[in-house]
Amino acid sequence: MNKVWALFRSYPYISNVVGYTTLFATADLIQQSTLRGTSGPSNQLSEEISRQAASVTSREEGATAHLKDSEWSMHSAGEKDSSIMVTNVPMHCVDWRQTLRVALVGLCFHSNFNYHWLRALEKRFPGGGAKIIFAKVFLDQLVAAPATISAFYIGLSTLEGRDDPLEDWKKKFWVSYKTGVVYWSIMQAVNFTLVPPIARTVFVGGISLGWTVFLCHFRQQKNESHSICPS
C-alpha cells in the first residue's frame with residue numbers, strides 16, 4: 001500500500017488518469033458480462049446460433065436420407081449435432097470494440113476533466129468544513145455532472161459514427177442527470193471529506209464503476225430490438 005501511495009505522490013497525474021480509465025473501461029465489461037445477458041441475445045450470439053442451427057439442419061437432411069439404410073445412423077447423427085450446438089455456443093458476448101470506445105472516452109475526457117476539475121475546486125475552496133464541502137458538491141453537480149454525462153453519450157455516439165450523435169443525449173440526459181444528483185452528491189461529499197486531494201480522481205473512478213455500469217446499461221436499452229451488444 002505504501003508503494004501505491006508513493007506512486008500517487010510521485011506521478012499524481014498519470015496514476016489518477018490511468019486508474020480512472022481502467023475503472024471506467026471495467027464498468028463496461030461488467031455491464032456486458034452481467035446485465036446485458038438478461039436483456040436478450042446479442043448479434044454475435046445470434047449469428048453463432050444461426051450458423052450452428054444451419055449446420056445442424058444440413059446434417060439432419062443428410063441423416064434423413066441415410067435413414068433409408070439405417071435408422072440408427074440418423075439417431076446417432078442427431079445426438080452428435082445436438083451436443084455440438086450446446087457446447088459451442090458462447091456463454092458471454094463481450095464486444096471489445098465497445099469497451100475500447102468507453103476507455104477512449106474515459107481517457108480523453110473524463111479522467112482528464114475530473115483531474116483538473118477537482119484540483120481547481122480544491123484550489124478555490126481549500127480544506128473542509130460543512131460550508132466548503134457543500135459548495136464543492138453543489139458546483140460539482142452544477143458543472144461537472146452535466147459535462148461528464150454529456151461527454152459520455154455524445155462521445156460514444158460520435159465514435160460509433162452515428163448519423164445523429166446527439167440522439168442518445170436528447171433521450172437520456174435528463175433521467176441520467178436526476179439519478180446522478182442523488183448518487184454523486186453523497187459520493188462526492190465523502191470524497192471531499194475523507195480522501196486526500198492527490199487521490200480524488202482515482203477515487204471518483206472507483207465510485208464511477210457502478211455509475212458507469214448504469215450508464216452503459218441505460219444507454220443500451222434503445223438497442224434491445226436490435227443488438228444487445230454495443231456496436
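The chain contains eight helices and zero strands. The model is a predicted one. Read from the N terminus, the order of elements is α-α-α-α-α-α-α-α. Of its 231 residues, 39% count as buried. Where contacts join residues at least 6 apart in sequence, 80% of them link residues at least 24 apart.

Helix 6 covers residues 130-159. At 1.5 Å a residue, its 30 residues should span 44 Å, and the end C-alpha atoms lie 41 Å apart, which agrees with that expectation. Helix 6 also carries a kink of about 35°, centred on Gln-141. Just after this helix, Gly-161 adopts a positive phi of about 75°.

Helix 7 spans residues 167-194. Its 28 residues reach 38 Å from the first C-alpha to the last, close to the 40 Å expected at 1.5 Å a residue. A kink of about 50° occurs in helix 7, with its centre on Phe-173. Phe-173 itself belongs to the buried residues of this helix, which also include Asp-168, Lys-172, Ser-176, Tyr-177, Gly-180 and Trp-184. Further along, Gln-188, Asn-191 and Phe-192 are likewise buried. The cover over the buried residues of helix 7 includes helix 5, helix 6 and helix 8.

In soluble globular proteins, nonpolar side chains tend to be buried together. The largest nonpolar core of this model holds 27 residues, and those touching the most other members are Ile-149, Phe-152, Tyr-153 and Phe-192. At least two core residues are supplied by each of helix 2 (12-35), helix 5 (96-124), helix 6, helix 7 and helix 8 (200-220). Helix 6 gives the largest share, with nine residues.

Apart from residues up to four places away in sequence, Phe-192 touches Leu-118, Leu-121, Ile-133, Lys-136, Val-137 and Arg-200.

## Gln-188, a buried polar residue

Gln-188 is located in helix 7. With a relative accessible area of 1%, under the 20% limit, Gln-188 is classed as buried. Its side chain makes a polar contact of 3.0 Å with the side chain of Asn-191. Beyond its neighbours within four places in sequence, Gln-188 is in contact with Leu-118, Val-137, Asp-140 and Val-204. Leu-118 and Val-137 are also among the residues touched by Phe-192.

Ser-111 has its place in helix 5. Its relative accessibility is 0%, and Ser-111 therefore counts as buried. When neighbours within four places in sequence are set aside, the contacts of Ser-111 are Val-17, Tyr-20, Thr-21, Gly-106 and Thr-201.

Ala-103 lies in helix 5 as well. It counts as buried because its relative accessibility is 16%, which falls under the 20% cut-off.

Thr-34 and Val-213 are 179 residues apart in sequence, and their C-alpha atoms are 9.9 Å apart in space. At 43% relative accessibility, Thr-34 counts as partly exposed.

## Accessibility of selected residues and the cysteines

The table collects the accessibility of several residues.

| Residue | Relative accessibility | Class |
|---|---|---|
| Ser-111 | 0% | buried |
| Gln-188 | 1% | buried |
| Cys-216 | 4% | buried |
| Ala-103 | 16% | buried |
| Thr-34 | 43% | partly exposed |
| Cys-108 | 59% | exposed |

A disulfide is a covalent bond between the sulfur atoms of two cysteines. Under a limit of 2.5 Å between cysteine sulfur atoms, the number of disulfides comes to zero.

How values were computed:
Residues are numbered from 1 along each chain as its sequence is written. This is a predicted model: local features need pLDDT of at least 70, side-chain atom pairs count only at pLDDT 80 or more; totals for chains, interfaces and linings use all residues. Side-chain values use heavy atoms; hydrogens and water are left out. Helices (H or I, at least four residues) and strands (E, at least two) are DSSP runs, numbered from the N terminus. The expected span of a helix is 1.5 Å times one less than its number of residues. The bend at a residue is the angle between axes fitted to the seven residues ending there and the seven starting there. Buried means under 20% relative accessible area, exposed over 50%, partly exposed in between (1.4 Å probe, protein chains only). A polar contact is a pair of N or O atoms within 3.5 Å; within protein, one must be able to donate a hydrogen and the other to accept it, and residues adjacent in sequence count only if both atoms are side-chain atoms. Contact means heavy atoms within 4.5 Å. A nonpolar core is a set of buried Ala, Val, Leu, Ile, Met, Phe, Trp, Tyr and Cys residues joined through side-chain atoms within 4.5 Å.
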